[in-house]
Amino acid sequence: SEATQTQTNKLREQRALNKDFKAVDTKCKTLVGEFMMNLCGLRKVRGELAKFSQGSMKPEKIFDCVVTDWRPQECSASCVGGKQLLTRAVSQLPTLGIKCPPLQMVKKCNEFPCPIDCQMASWSKWGRCTKECGGGLQARVRNIKRRPNHGGKACPAQTETQQCNVASCDADCKLSKWSSWKACNRACGGGTQRRVKGVVTPARGTGRCPKPLNGLRYKRQACNKNACPPDPVCSAKMDIVFVVDSSGSWTEKGYKVVKEFLSGLVGRYQFGKQNVKMAVVEFSKEAFVVQTMTFDQKEMLAAVAGKLQFRRGLTDMAKGLLAAEQVLLDGRKDAQSEVIVITDGKPSFKFATSNAATKLRRSGARLVFMPIRTYGASPFLANWATHPGKENVFRVRAGLGELKSKMKDWQTKMVVSTCPTVTSAILEKASAAAAR
């Protein structure tokens with residue numbers, strides 16, 4: 001490995017240095033020995049000559065200068081070569097003998113490369129946990145930016161792990177706080193409003209979670225118990241899409257009754273940016289957007305009268321509901337969304353229609369059905385409508401005959417049953433008269 005090769009190279013380098021040191025040390029000791037022998041011989045000759053001196057130079061009066069050993073000071077650099085001052089002091093002054101040598105000397109020091117410490121890059125982000133719950137592991141890594149050299153600090157670990165998702169795999173769901181109370185489903189005559197709790201964290205494993213209509217997540221209360229006026233006009237801020245069945249299960253004569261009913265019903269809404277915005281879709285074997293979302297009541301009435309057609313064919317209600325969902329994309333975020341389906345109550349594809357109804361409800365729109373039929377029941381409509389189904393399915397049990405004979409009553413019923421706020425010209429006049 002790379003570490004083993006590095007260690008082998010270091011040992012070879014150490015052996016070579018030791019060999020060089022021994023050679024230099026031996027040579028140095030030899031030279032010092034020779035120098036001391038020569039010095040000793042010179043002193044002996046000097047002593048013998050001094051004996052024959054006629055003056056004051058007697059052997060006992062000759063003293064050489066004596067100095068202390070060198071005292072090294074700190075090197076000016078810790079590596080890559082510096083300078084070091086060596087000093088020594090005079091311990092004996094000379095008398096007729098050898099003069100004192102220099103008391104200071106500068107030499108090179110620390111002539112070796114500086115150690116290079118390992119340098120690491122930043123940690124990566126923690127990786128994905130190995131388990132979703134019950135305790136797993138996740139790891140992070142970092143790269144080496146610079147490897148160590150010349151005895152520098154070694155590199156720390158390049159990987160690191162930690163525990164994650166230690167929570168039990170069996171956990172109940174976590175619910176949100178209660179929402180605010182939704183708008184009342186009726187403008188008068190006694191309606192209901194609801195508030196709900198959503199799921200913040202789903203249940204895990206064998207954990208439990210209350211169903212959407214469980215009392216822990218769903219509450220209802222009565223609202224708008226006041227009596228209904230005789231001429232109600234919806235004034236709420238709403239985005240409404242009428243989805244009209246134009247399949248062959250009607251007759252052409254019967255379809256004219258449906259169009260007449262819808263024209264009168266459209267007239268019961270107050271259009272405007274702070275009130276109603278409306279569209280209409282019709283369906284048979286295909287779905288058609290007859291009128292996109294508009295604030296213009298006249299444009300809406302003209303579309304119902306001139307563009308709504310009896311197309312015959314299958315009753316593919318699913319396509320009508322999906323088309324309504326797309327039309328509502330042009331709605332307003334702060335307006336209540338509502339889809340009202342006028343049908344004979346007999347869709348051709350129940351499974352697809354059920355899925356489309358569920359998708360539409362989950363988008364936040366209120367889904368209302370108005371089945372007009374004289375034969376059989378259609379209990380599935382209550383399941384497709386917004387909960388509670390009995391408050392969002394309005395059956396014209398006697399069919400088109402009842403709708404035609406009681407058209408104004410049904411228009412009034414649909415307005416007060418699907419709009420949270422209504423106005424009344426009759427009541428406003430009465431109130432003004434009473435004020436005078």
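Contact, as the word is used on this tour, means heavy atoms within 4.5 Å. The model on display is predicted.

**Stop 1**

Select leucine 262. Leaving aside residues up to four places away in sequence, leucine 262 touches Phe242, Val244, Val280, Val304, Leu308 and Ile342.

Now widen the selection to the core around this residue. The largest nonpolar core has 40 residues, and Phe242, Phe261, Leu262, Tyr269 and Met278 are those that touch the most other members. At least two residues of this core come from each of β15 (238-245), α2 (252-266), β16 (276-283), α3 (297-306), β18 (336-343), β19 (366-371) and α8. Which element gives the most to this core? The answer is α2, with 7 residues.

Another core, of 26 residues, lies apart from this one; Leu321, Leu328, Ala357 and Phe369 are among its members.

**Stop 1: two helices side by side**

Select α2 and α3. Their axes are 10 Å apart, and the helices pack at an angle of about 175 degrees. Angles over 145 degrees count as roughly antiparallel, and α2 and α3 are therefore roughly antiparallel to each other. To view the contact itself, display Lys259, Leu262, Ser263 and Val266 in α2, which meet Gln297, Met300, Leu301, Val304 and Ala305 in α3.

**Stop 2: helix α8**

Select α8 next. This helix has 12 residues, which at 1.5 Å a residue should span 16 Å; the end C-alpha atoms are 16 Å apart, in agreement with that value. Is α8 mostly covered or mostly open? It is mostly covered, since 9 of its 12 residues are buried. Colour these to see where they fall: Met407, Trp410, Gln411, Thr412, Met414, Val415, Val416, Ser417 and Thr418.

**Stop 3: the disulfides**

A disulfide is a covalent bond between the sulfur atoms of two cysteines. Here the count comes to 10 disulfides, and the tour visits some of them.

The link is right-handed, with 75 degrees about the S-S bond. Cysteine 234 lies in strand β14 (residues 232-234) and cysteine 419 in the loop between α8 (407-418) and β20 (422-424), so that the pair links parts of the chain 185 residues apart. Are these two cysteines buried or exposed? Cysteine 234 is buried at 0% relative accessibility, and cysteine 419 is buried with a relative accessible area of 0%.

Move to cysteine 65 and cysteine 100, a disulfide with sulfur atoms 1.8 Å apart. The angle about the S-S bond is 95 degrees, and the link is right-handed. Cysteine 65 is in the loop between α1 (2-51) and β1 (66-67), and cysteine 100 is in the loop between β4 (90-92) and β5 (104-109), so this pair ties together parts 35 residues apart in sequence. Cysteine 65 is buried at 13% relative accessibility, whereas cysteine 100, at 30%, is partly exposed.

Then select cysteine 133 and cysteine 169, joined by a disulfide with an S to S distance of 2.1 Å. This link is right-handed as well, with 105 degrees about the S-S bond. Cysteine 133 is buried at 12% relative accessibility, and cysteine 169 is partly exposed at 31%.

Cysteine 40 is exposed, with a relative accessible area of 53%.

**Stop 5**

Most residues other than glycine have a negative phi, and most peptide bonds are trans. The last selections depart from this pattern.

Select histidine 387 and proline 388: the peptide bond between them is cis, with omega near -5 degrees. Proline 388 lies in the loop between α6 (380-384) and α7 (400-405).

Select asparagine 165, which has a positive phi of about 45 degrees. It is found in the loop between β9 and β10 and is partly exposed, with a relative accessible area of 34%.

Finish at asparagine 224, where phi is positive, near 45 degrees. This residue lies in the loop between β13 (218-223) and β14, and at 26% relative accessibility it counts as partly exposed.

Methods. Residues are numbered from 1 along each chain as its sequence is written. This is a predicted model: local features need pLDDT of at least 70, side-chain atom pairs count only at pLDDT 80 or more; totals for chains, interfaces and linings use all residues. Side-chain values use heavy atoms; hydrogens and water are left out. A disulfide is a pair of cysteine sulfur atoms within 2.5 Å. Helices (H or I, at least four residues) and strands (E, at least two) are DSSP runs, numbered from the N terminus. Buried means under 20% relative accessible area, exposed over 50%, partly exposed in between (1.4 Å probe, protein chains only). The expected span of a helix is 1.5 Å times one less than its number of residues. A nonpolar core is a set of buried Ala, Val, Leu, Ile, Met, Phe, Trp, Tyr and Cys residues joined through side-chain atoms within 4.5 Å. Axes are lines fitted to C-alpha atoms, for helices over the stretch in contact, and angles run from 0 to 180 degrees between N-to-C directions. Angles under 35 degrees count as roughly parallel, over 145 as roughly antiparallel, 65 to 115 as roughly perpendicular and the rest as oblique.
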